[in-house]
Amino acid sequence: MLTSDYFSTQRTDSVLQQVEKEQFNDISANDSFKAASRYWVRIDRPEQLPAALMRAMETLTDPATTGGGVVYSSASKVLAEFAEKTGIPVGSTQAGKGAIPYDLPMNTGPMGALGLRFANRLAHTADLVIGVGTRYTDFTSASNTMFQNPQVRFVNINVLSFDAHKEAAVPVIGDARETLSELQEVLGDWQVDEDYRREAMAQADEQRQAVDRMVQHISGTEGLGQKEVIGIVNEFARPQDVVVNAAGSMPSDLQKLWKAGSPLGYSVEYGYSCMGYEIPAALGMRIADPSREIFSFIGDASFIMYHQDVLTAIQEREKIILLLLDNGGYGSIHSLSMQVGSQGFETKYYYRGDNGRQNLKEPLQIDFPKILEGYGVKTYLVEDADQLLQALQKAVASDQITAIYVRVAPVERDDAADAYWEVATLEVAHIESSIKAHQEYERIRDLQRTYL
């Protein structure tokens, strides 16, 4: 059953809320110079051609649906109703995360190279994929290894012709919300086969159980793990609050694990690692809506690259909650380096040794809390779950930017997605790990498909 609260943060008509409606003050001695109240932003909703809609309807059999830029169209409620009525499962991309409620029975969770295997399993066998506002990026399509059914066909709903035509799809060029509404009207009482609906719901249930397991503390380990921290913060946050992140290993973990409380509650701008997005984006979101708490996750490497906007938050007296997770190096690049056989070369913080290589016995000591405190940011150092909860409570009670520093275990690459992302390997190498990685690279490239 859908609840209206989940969708309350989205626009409900074709005009975006009035961004500025007040009259300008006089800016000169001329009393006649006054601007009339007006809308500054309007949302155009281009309608699709009826012929394209009919071609899309004729293509329907037992499909699996990928979620995409549904959020931008305020199409979340329409998509959720469409999925419930038809029995079509929904898998979300990074940009579409949170578009529909986490516990919706047909929400099979995140898909693609950074997602989970449950939505991916359905995508592997789907004979039709409806792409709603998606660009089919390399991560979403698992470098074109995701959709393996020999008879798979695509229907793409998108305002851009370029994206609507991808994967040799039936292009439906139009607004997501309006198109889904019209498609539902055309379909009437049509539903997928009941066995397929049950299979999709079973995958969705398995996905939610897996998420609950993945955020638990790993028995026998000291300190907090990254996934565990995400689970604790997610449980603490209110449905209307927002999580922000951009780069490193956390976009993958957040796409897998975060249970968004509203369509606008998840902002991970993962355009292939946008280091520097985390702090200014959080600041802008807080300015836009002070009623929400903004939890901005940032890794130690991203923090080193870009952290000066904490000064802007102080200057503007704007509150955000910065969660700095330190795994002692370039965690995501380390795991990627291991994948391509490069053995994590230069991905950790160590002093240079006499032999020109990093001295693994002499780690660099970086005092991140002192950097933050030097700006004037109240910073809490936490080592366990209780301390993290106490710090979160204090951060929420504060009226200014607060940082929470957590030293977490090094990132370990997981295969929870059971999917591929193409990163080229060395074709000529003398290191055994690189040779094996290239052999695996060639094997998986054979699975790549070109849809004609």
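**Helix packing and cavities in a predicted model**

Helix 3 and helix 6 are roughly antiparallel to each other, in a model that is predicted.

Trainee: Happy to start there! At what angle do helix 3 and helix 6 pack?

Mentor: Good place to begin. Helix 3 covers residues 117-125 and helix 6 covers residues 194-214, with their axes 8 Å apart. Angles over 145 degrees count as roughly antiparallel, and this pair is therefore placed in that class. The packing angle is about 155 degrees.

Trainee: Which residues of helix 3 make that contact?

Mentor: Let's take the partner side to begin with: helix 6 brings Y196, E199, A200, Q203, E206, Q207 and A210. The residues of the contact divide into 5 nonpolar, 2 polar and 3 charged. From helix 3 come F118, R121 and L122.

Trainee: Are helix 7 and helix 8 roughly parallel or oblique to each other?

Mentor: Helix 7 (residues 226-236) and helix 8 (residues 250-257) pack at about 50 degrees, with axes 10 Å apart. Q226, K227, I230 and N234 in helix 7 meet M250, D253, L254 and L257 in helix 8. Angles under 35 degrees would count as roughly parallel, and the pair is therefore oblique.

Trainee: Which strand gives the largest share of the lining of the largest cavity?

Mentor: There are 3 cavities of 30 Å³ or more, and the largest has a volume of about 110 Å³. Its lining has 16 residues, with K97, G98, I100, Y102 and N107 nearest the centre. By class, that lining has 8 nonpolar, 6 polar and 2 charged residues. The largest share, 3 residues, comes from strand 3.

Terms used
Residues numbered from 1 in each chain as written. Predicted model: local features only at pLDDT ≥ 70, side-chain atom pairs only at ≥ 80, totals over all residues. Heavy atoms only, no water. Axes fitted to C-alpha atoms, helices over the stretch in contact; angles between N-to-C directions. Helix = DSSP H or I, 4+ residues; strand = E, 2+ residues; numbered from the N terminus. Parallel < 35°, antiparallel > 145°, perpendicular 65-115°, else oblique. Contact = heavy atoms within 4.5 Å. Nonpolar A, V, L, I, M, F, W, Y, C, P; charged D, E, K, R; others polar. 1 Å grid on protein atoms, 1.4 Å probe; cavity = no way out; pocket = protein on both sides within 12 Å on 5 of 7 lines; lining within 4 Å. Points joined across faces, edges and corners; volume = space filled by probe spheres on them.
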